[in-house]
Amino acid sequence: MTTRTATARYEGFGKEGKGHITTQSGVMTDQFYGFNTRFGDEPGTNPEELIAAAHAGCFTMALSFALARAGFSEGSIETSAAVKLEQDGDGFTITRSDLTLKASVPGLAQEQFEALAAGAHANCPVSKLLKAESKLDATLL
């Protein structure tokens, strides 16, 4: 149906190497990343941040469509994602992607909110892609 692409380039190796990421849409063009953007506080992006953005965006859109199918047309939803990278022997593993949802949807009952959010979490394509443990913390305002 749809294929999206991105390119990562790394010049040099290890901690001294410098990387750049470019996305098909152009929203990111030669965005810097490297050891210190991933494990330190240097400005730039990193793979975990991009996965968090993808997971939050995918889930939020999935829930938006679920709410629309359920007959809701007003309100707002906001999701943050926290992707955890942990040491795994000599390497690293992404072990979690936790979503925190805050929603304001007039007329939506708590039980229906929880069911729609859980369904969106289970069916979001990025949630399906991630093999890491994932949980959803949802708050209806």
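Biologist: Among contacts in the protein between residues at least 6 apart in sequence, what percentage join residues at least 24 apart?

Modeller: Among such contacts, 50% join residues at least 24 apart in sequence. Please keep in mind, as we read on, that this is a predicted model.

Biologist: How many helices and strands are there in the protein, and in what order do the elements run from the N terminus on?

Modeller: The protein has 4 helices and 6 strands, and from the N terminus on they follow one another as β-β-β-α-α-β-β-α-α-β. Along its principal axes, the C-alpha trace spans about 55 × 35 × 30 Å, and of the 141 residues, 30% count as buried.

Biologist: How should I read the packing of two helices, and at what angle do helix 2 and helix 3 pack?

Modeller: The general idea is that two packed helices are described by the angle between their axes and the distance between the axes. In this structure, helix 2, which covers residues 47–69, and helix 3, which covers residues 110–123, pack at an angle of about 135°, and their axes are 9 Å apart. The two helices are therefore oblique to each other, and helix 2 passes helix 3 in a right-handed crossing.

Biologist: Which residues in helix 2 meet which residues in helix 3?

Modeller: From helix 2 come F59, A62, L63, A66 and L67, and these meet L116, A117, A120 and H121 in helix 3.

Biologist: With which residues is F59 in contact, leaving aside its neighbours within four places in sequence?

Modeller: With those neighbours left aside, F59 is in contact with T79, L99, L101, A117, A120, H121, C124 and L136. As a further reading of distance, the C-alpha atoms of F59 and G119 are separated by 9.8 Å, although these residues are 60 residues apart along the chain.

Biologist: Where does T23 lie, and is T23 buried or exposed?

Modeller: T23 lies in strand 2, which covers residues 18–23. Its relative accessible area is 19%, so T23 is buried, since the cut-off is under 20%. Not counting residues up to four places away in sequence, T23 touches T5, A6 and M28.

Biologist: How do I read aromatic pairs, and how many does a search of the whole structure find?

Modeller: The general idea is to look at the distance between ring centres and the angle between ring planes, because planes under 30 degrees apart count as stacked, over 60 as edge-to-face and the rest as tilted. The search finds 3 aromatic pairs. In one of them, the rings of F35 and F39 have their centres 5.0 Å apart and their planes at 40°, so this pair is tilted. Both residues lie in helix 1, residues 35–39, where they are 4 residues apart, about one turn of the helix.

How values were computed: Residues numbered from 1 in each chain as written. Predicted model: local features only at pLDDT ≥ 70, side-chain atom pairs only at ≥ 80, totals over all residues. Heavy atoms only, no water. Axes fitted to C-alpha atoms, helices over the stretch in contact; angles between N-to-C directions. Parallel < 35°, antiparallel > 145°, perpendicular 65-115°, else oblique. Left-handed = near helix turned anticlockwise from the far one by under 90°. Contact = heavy atoms within 4.5 Å. Phe/Tyr/Trp six-rings, centres within 6.5 Å; stacked < 30°, edge-to-face > 60°. Buried < 20%, exposed > 50% of the residue type's maximum accessible area, 1.4 Å probe, protein only.
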